[in-house]
Amino acid sequence: MTDGADGEAETGGKVYLAGSGPGDPEYLTVKARRLLREADVVMHDKLPGPDIISLVPEDNRVDVGKRAHGERTSQEAINLAMVEHAREGKTVVRLKGGDPTVFARGGEEMAHLAANGVPFEVIPGVTSAIAGPGVAGIPVTHRDHASSVTVVTGHEDPTKAESAVDWEALAATDGTIVVLMGVTRLPLYTEALMDAGMDPETPVAMVERATWPDQQVATGTLESIVDARDEAGISPPALTIIGDVAGIRENVLDTLEPDR
Ligand code: SAH
């Protein structure tokens, strides 16, 4: 590492915070695909999947989503490793599923890189939050049905007072709600929305592994979706779409392709 003319630490290397898209490698951006081949190190999560990881030369792959002794690589260790590689002058790709700024700790990683004087670039990806509904025949907005869309985490317990998601406020909007990380807690947040006055007949859909060959969709209403989830055996990664737009799917199913 050398000191630049302005006294700032020069790393030589660079970090690309990149998204891999929802799963199908054809939804990788051209830019991400090029970087996966050219980078010295690719630090990836589990979500991008083997077909995408196989584009990376084997020696350059670092799986930071792997559970060693039941634990993932800690965020702190990932932050340190990114900086260390960059300081060695390497080009690093930090690869995440979907888009790197949507529930992917992209903000924390940017802050850490900035604090350490490491140049970085954000390479957007196709987020599952929009693409997942789309490939299942569900537009997240629609002139007649929804003029807004809110993407929330379903990971938090809605019955806890300190829950960061205000389900009561969400129940009061006419917009579409897309819940990521919300398979297990589905009964809790659907209940919270109904308690807050949302119509139990509101259409709901769940999409598991959108764009993967084994994509699965379950549909129902706020009241029935828990049973539909169980019947279809929906498991993570999956997202939940709540709102009138979720009902559009059944009107277009006849010609919606591919029929996964
Ligand atoms: N950065 C990612 C989201 C990471 S949070 C993005 O932009 O897509 C992880 C959650 O994303 C999963 O729990 C699931 O809710 C959702 N997810 C990611 N890929 C998915 C896919 N192919 N199909 C359905 N849900 C997906």
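Biologist: How do α7 and α8 pack, and at what angle?
Modeller: In this predicted model, helix α7 (residues 186-195) and helix α8 (residues 225-232) pack at an angle of about 160 degrees with their axes 10 Å apart, where axes are lines fitted to C-alpha atoms, for helices over the stretch in contact, and angles run from 0 to 180 degrees between N-to-C directions. The two helices, α7 and α8, are therefore roughly antiparallel to each other; angles under 35 degrees count as roughly parallel, over 145 as roughly antiparallel, 65 to 115 as roughly perpendicular and the rest as oblique. Helices (H or I, at least four residues) and strands (E, at least two) are DSSP runs, numbered from the N terminus.

Biologist: Which residues make that contact?
Modeller: From α7 they are L186, P187 and T190, and from α8 they are I225, V226 and R229, with contact meaning heavy atoms within 4.5 Å. By class, the contact of α7 with α8 has four nonpolar residues, one polar and one charged; Ala, Val, Leu, Ile, Met, Phe, Trp, Tyr, Cys and Pro count as nonpolar, Asp, Glu, Lys and Arg as charged, and the others, Gly among them, as polar.

Biologist: And what are the ground rules for the model and the numbering?
Modeller: Residues are numbered from 1 along each chain as its sequence is written, and side-chain values use heavy atoms, with hydrogens and water left out. Because the model is predicted, local features need pLDDT of at least 70 and side-chain atom pairs count only at pLDDT 80 or more, whereas totals for chains, interfaces and linings use all residues.

Biologist: Back to helices: what about α3 and α4?
Modeller: Helix α3 (residues 75-87) and helix α4 (residues 106-115) pack at about 45 degrees, with their axes 10 Å apart, and α3 and α4 are therefore oblique to each other. On the α3 side the contact is made by Q75, I78, N79, L80, M82 and V83, and on the α4 side by E108, E109, H112 and L113. The residues of the contact of α3 with α4 divide into five nonpolar, three polar and two charged.

Biologist: Switching to the sheet, what is the strand order?
Modeller: Five strands form an open sheet in the order β5-β4-β6-β3-β7, and the pairing is parallel; two strands pair if DSSP finds at least two bridges between them. At the edges stand β5 (61-63) and β7 (120-123), each with a single partner strand, so one side of each is left without a neighbour in the sheet. Neighbouring strands of this sheet are turned by 20 degrees against each other on average, direction ignored.

Biologist: How many bridges join β3 to β6 and to β7?
Modeller: Six bridges join β3 to β6, and V15 stands opposite V92 in β6. Four bridges join β3 (residues 14-19) to β7, where L17 stands opposite V122. Five of the six residues of β3 are buried, so to speak mostly covered, where buried means under 20% relative accessible area, exposed over 50%, and partly exposed in between (1.4 Å probe, protein chains only).

Biologist: Does anything cover that sheet, or rather, which strands does α1 lie across?
Modeller: Helix α1 (residues 30-38) lies across β3, β4 (41-44), β6 (91-96) and β7, running at about 130 degrees to β7.

Biologist: Which residues of α5 are buried, and what do they pack against?
Modeller: The buried residues of helix α5 (residues 128-135) are A129, A131, G132 and P133, and they pack against β8 (149-153), β9 (176-180), β10 (203-208) and β12 (238-242). After α5 comes G137, whose phi is positive, near 80 degrees.

Biologist: Where are the cis peptide bonds that you would look at?
Modeller: The bond from P236 to P237 is cis, with omega near 0 degrees, and P237 is in the loop between α8 and β12. Another cis peptide bond joins E257 and P258, with omega about -5 degrees, and P258 is in the segment after α9.

Biologist: And what is the phi of M181 and of R209?
Modeller: For M181, a residue other than glycine, phi is positive, near 55 degrees; M181 lies in the loop between β9 and α7 and, at 42% relative accessibility, counts as partly exposed. R209 is not a glycine either, yet has a positive phi of about 50 degrees, and R209 is partly exposed, with a relative accessible area of 23%. Most residues other than glycine have a negative phi.
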